[in-house]
Amino acid sequence: MDRQSVRRELVSFLGITAAAVAVALVCRYLAEINQTTAALTFLVLVLLTASRFRIVHSIYLSVLCALLYNFYFLPPIGTFTIHDPQNWIALGAFLSVGILVSHLSDTARQQTRISEARRQEVEQLYGFSQQLMLQDDFRSLARQAPSIAATIFGFRAVALYVRDHDAAHYSDPEAVLLPAAELRKAALALETGARAIDGAQVVPLMFGMRSVGALAVLGSSASHVQLEAIGALVAIALERAATIEQSTHVEAARESERLRSALLDSVTHDLRTPLTSIRAAASTLLSHPNLPNEGRSEMYAVIEEESARLDLLIGRAVEMAQLDAQGIQVKPKPEKIADLVAMALEEARGPLGNRAVTVEIPDNLPRVLLDRELVRRVLRHLIENAARYSPDASSLRIWARVEDYRLMVSLEDRGPGIDEADQPYIFDKFFRGRNQKPGTSGTGMGLAIVKAIMIAHGGGVTMGNRPGGGAIFTLWLPADGQGASTEEPVRD
């Protein structure tokens, strides 16, 4: 014990002694109270001391109060002699009660300290488990778990050996706690419980009856129970990450197989149809060299139309493959959405036919950062999709506004709308809705392309049905926060 601690102890004992003497003098000469009241007053002082100081202080005070009680209140007064046997019993009972109170208070204080330590351990374990659950990638979890454990529990160094990858990871790469060979032996030993190796505490990581690795810590004041709890959390987190990784691979393989089947189905039904028409028209031209000009022109028109359709289908497939393989490279520039809508309508004039299109875009809508080519492609996809799934004589409506710092562009048609059962899958690749006109062709990739491009811009796309019938698709892009004008929109 250092000099400062000795001084504090001496001051506390002197303070307790002074308090006991002061209570005795006040009770004897100023208050002139009886023996019973004095004894209770001394017990209150002992209880207060026991609640604030260590048990040695309260026992010392109990003995001191017993002596003062005997000297000032038990006859003969002014001496430590006791003549009446009943006073011996009273003094013994007082001393016993004082020591008992001291012991009970110290036990309660120790239980409080233990409970507080357990609470802190539980909070640390909970925080540790939360940090581990944030890591879904197996390799990332293995690399970061030692640093997380060292930070939360205050360890000087932590090492984690992962059996599946046969690799060791350290909280401090420059300070190798234990070599990987030692950790591997601890993991393969299949022993439960923490044990000391070269000054470090090593805990095997067990998941059921299977070992997933070993955890070593240095500078730990934690109990073996807490170390085993930490090891159990790490083992569960590693197994969870491995399961997620495995299920992800399985799901990716299943998705790849599904897409492959869908693509083959698309090729069979969509790409073969224009090829069949082109082949039939070409065969007609070859087998009938004297075909009248009217019939010959009709065959040429069939070849041209079906070739354009075939080119569109192949282009969509290539476009979707590029988006999947390389991602979308967005080159944003400030653009006016009205210009892009006009360009998309011009490109989609063929699929639109004689439909009436109403465009409602305020003149003072803010420019937004976007990739002109990609968003034009999105608008063209939506316009062609609306034309494909709505009656030939129906009209379309395109309108734009700014809401909640977002530029919203909506396209409404007067078709049958989107079936409720189709809505969760409408943006999936190769999915085609049920409410389509007979003979409608397509690859089912257009809306998937739309969603991918909008997400790459930091925006999104939503869909729904109009109250009066028909579907409505809404694109949104981050805007600069300037609202749209309250003037009447321009109508084309």
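View 1. Ala186 lies in helix 6 (residues 180-188); helices are DSSP runs of H or I with at least four residues, numbered from the N terminus. The model is predicted, with pLDDT of at least 70 needed for local features and 80 or more for side-chain atom pairs, while totals for chains, interfaces and linings use all residues. Residues are numbered from 1 along each chain as its sequence is written, and side-chain values use heavy atoms, without hydrogens and water. Ala186 counts as buried because its relative accessibility is 2% (buried is under 20% relative accessible area, exposed over 50%, partly exposed in between; 1.4 Å probe, protein chains only). Leaving aside residues up to four places away in sequence, Ala186 touches Arg195, Val202, Pro204 and Ala214 (contact: heavy atoms within 4.5 Å). Gly213, 27 residues away in sequence, has its C-alpha 8.1 Å from that of Ala186.

View 2. Helix 11 (residues 372-388) spans 24 Å from first to last C-alpha over 17 residues, close to the expected 24 Å (1.5 Å times one less than the number of residues). Of these 17 residues, 14 are buried. At the helix start, a side-chain oxygen of Asp371 comes within 3.2 Å of the backbone nitrogen of Glu373.

**View 3. Helix 12 and the residue Gly458.** In helix 12 (residues 446-456), the buried residues are Gly446, Leu447, Ala448, Ile449, Val450, Ile453 and Met454. Gly458 follows helix 12 and has a positive phi, near 80°.

**View 4. Leu30 in helix 1.** Leu30 belongs to helix 1 (residues 3-30). With a relative accessible area of 69%, Leu30 is exposed.

Definitions and conventions: Helices (H or I, at least four residues) and strands (E, at least two) are DSSP runs, numbered from the N terminus. A polar contact is a pair of N or O atoms within 3.5 Å; within protein, one must be able to donate a hydrogen and the other to accept it, and residues adjacent in sequence count only if both atoms are side-chain atoms.
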